[in-house]
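Biologist: Please show me the model. I want to ask what stands behind the labels.

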Amino acid sequence: MSYIDIMQSDKPHDECGVFGFYNNDDYNLAELTRAALYGLQHRGQESAGVTVIKDEEPYTVKNLGIVSEVLTDKALEKLPENGRISVGHVRYTSLDFLDRAATQPLVMRYIEGSLALANNGSITNFAEIRSELEKGGAIFQSNSHAEIIGYTIATKRIECENIEDAVMRTMESLKGAYSLVLSSPSKLMGARDPHGFKPLCIGKLNNSYIISSESCAIDTVGGEFIRDVEPGELVVIDENGLKSYFCEKKKNQSLCLFEYVYVARPDSVIDGVHVNEARHKAGRILFEENPIEADIVCGVPDSGLDAAQGYAEASGITYATAFIKNKYIGRTPEGVGNDKKARLLRMRLNVLDNIVKGKRVVIIDDSIIHGNTSAHIVRLLKRAGASEVHMRISSPEFVYPCYFGIDLPDEEHLISNKLSVEELRERIGADSLSFLSVEGVRKIADGCKIGLCDGCFTGCYRADKPKVIYEDKFASKIKHRKF
């Protein structure tokens with residue numbers, strides 16, 4: 001059974017979070033990596049895992065569940081405390097059926113030793129690569145893109161002088177989005193696809209090195225952010241320090257713009273832009289484009305709060321806390337009935353009626369996918385006595401799917417692809433509804449060191465879409481997204 005936070009089921013999800021540590025000091029790698037994964041938990045809540053390499057031998061703990069469920073004190077006892085390298089992973093999957101074999105880090109043994117690999121992203125030529133490998137006799141245990149990457153590295157390693165060359169040749173053969181953390185028996189590596197779709201950064205903790213999806217995980221373990229991994233860059237860390245190698249750079253570098261809108265944690269810095277500042281700016285621009293007279297401005301916790309503050313400051317309307325979020329419910333099984341879903345939503349989010357009663361309320365959220373959560377939020381506010389509810393969204397309408405690692409449905413399941421803004425306003429019951437424009441959302445990340453991908457808003461992608469999709473004849477229960 002797949003598990004999803006019921007309040008997050010109407011949100012776009014990132015695929016994963018990755019973390020790696022090269023221990024030049026005397027840190028307990030199991031505990032340190034667990035702490036880092038807590039910092040990346042927002043990037044994936046369906047599985048978690050840690051691999052520790054000691055004396056060139058990998059030891060792994062991983063399972064379905066969030067970090068606190070999988071990486072318990074008892075589970076970490078199976079890992080050596082003072083290893084040389086660790087690789088960590090948290091995962092969200094777009095599959096309707098969880099593939100337990102795809103939990104990461106993926107550890108593979110081959111003629112040159114072992115590989116421990118954690119991936120964030122989506123390989124768009126997955127089907128072609130897997131088909132070629134299968135024709136050569138490859139046998140796969142999962143539908144994981146990480147397994148395809150690992151198998152390709154192992155195959156190319158036989159032809160190359162060292163693991164770095166094998167990874168570089170693999171990077172050149174992959175299309176789409178990936179940020180990798182991987183380890184050979186003696187080296188920690190981080191690789192970012194040539195477009196730079198997914199974030200990846202480097203940090204230090206005393207004499208030790210860190211590679212992470214986001215800088216917030218570096219902060220969590222007390223480290224210092226050094227820099228972002230550049231698009232097309234391979235970083236290799238061993239006993240001699242850090243070295244850098246580059247693939248051919250793409251002209252259309254394209255960090256996923258939705259990292260700034262929703263995916264990343266507000267305290268992260270990605271490619272030169274502070275995430276919380278980007279969201280605050282989104283709120284200010286949202287008011288400039290869509291002003292309204294109201295008494296208070298509120299944000300949907302937690303992703304709408306920074307934008308709501310920006311909207312309030314730009315408008316001069318009082319910012320207020322209207323919602324209390326219950327953070328202790330835990331996860332909820334997907335597929336529960338409508339009545340139970342509504343009850344769970346009420347348990348998770350409650351309105352302060354003394355704040356909203358008789359007030360004209362502007363409520364800020366980051367996105368609308370299906371519209372169910374937005375309708376529920378409007379109902380909550382009106383039941384609490386709000387005289388008017390004006391919904392403002394700090395991103396444009398989602399009208400196209402994502403092929404590069406954000407789990408957005410097909411066009412037919414995106415509500416804004418079916419309904420006009422006015423029709424959607426009627427559907428959710430708001431007194432008014434407005435979205436941030438495409439031009440506006442592009443401004444929120446001024447100062448970003450690379451270009452931005454806004455294909456889910458515009459349909460103009462900065463890399464090739466998949467031509468075909470792999471169909472596993474022996475996994476009929478697994479439903480793939482259509483590309």
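This is a predicted model: local features need pLDDT of at least 70, side-chain atom pairs count only at pLDDT 80 or more; totals for chains, interfaces and linings use all residues.

Biologist: Why does Ser268 count as buried?

Modeller: Buried means under 20% relative accessible area, exposed over 50%, partly exposed in between, with a 1.4 Å probe and protein chains only. Ser268 has 0% relative accessibility, so Ser268 is called buried.

Biologist: Where is Ser268, and which residues is Ser268 in contact with, leaving aside neighbours within four places in sequence?

Modeller: Ser268 sits in the loop between helix H8 (258-263) and strand E17 (269-270). Helices (H or I, at least four residues) and strands (E, at least two) are DSSP runs, numbered from the N terminus. Contact means heavy atoms within 4.5 Å. Beyond four places in sequence, Ser268 touches Glu214, Ser215, Cys216, Val273, His274 and Val275.

Biologist: What makes E24 and E25 a pair?

Modeller: Two strands pair if DSSP finds at least two bridges between them. Strand E24 (residues 360-365) and strand E25 (residues 388-393) are joined by 6 bridges, so they pair. They run parallel.

Biologist: Which sheet holds them?

Modeller: An open sheet of 5 strands, in the order E20-E19-E24-E25-E27, with parallel pairing. Strand E20 (318-319) and strand E27 (432-435) are the edge strands, because each pairs on one side only.

Biologist: What is the pairing in the sheet of 7 strands?

Modeller: Antiparallel, in the order E5-E4-E6-E3-E12-E11-E13; this sheet is open. Its edge strands are E5 (57-64) and E13 (224-228). Ser47 stands opposite Leu64 in E5.

Biologist: How many cavities of 30 Å³ or more are there, and what makes a space a cavity?

Modeller: There are 2. On a 1 Å grid over the protein atoms alone, a cavity is a set of points where a 1.4 Å probe fits but cannot get out. Lining residues have an atom within 4 Å of a point. The second largest cavity is lined by 15 residues, with Cys256, Cys402, Cys453, Gly455 and Cys456 nearest its centre. That cavity holds about 110 Å³, a volume being the space filled by probe spheres set on the points, which are joined across faces, edges and corners.

Methods:
Residues are numbered from 1 along each chain as its sequence is written. Side-chain values use heavy atoms; hydrogens and water are left out. On a 1 Å grid over the protein atoms alone, a cavity is a set of points where a 1.4 Å probe fits but cannot get out, and a pocket is an open set with protein on both sides within 12 Å along at least five of seven lines; lining residues have an atom within 4 Å of a point.
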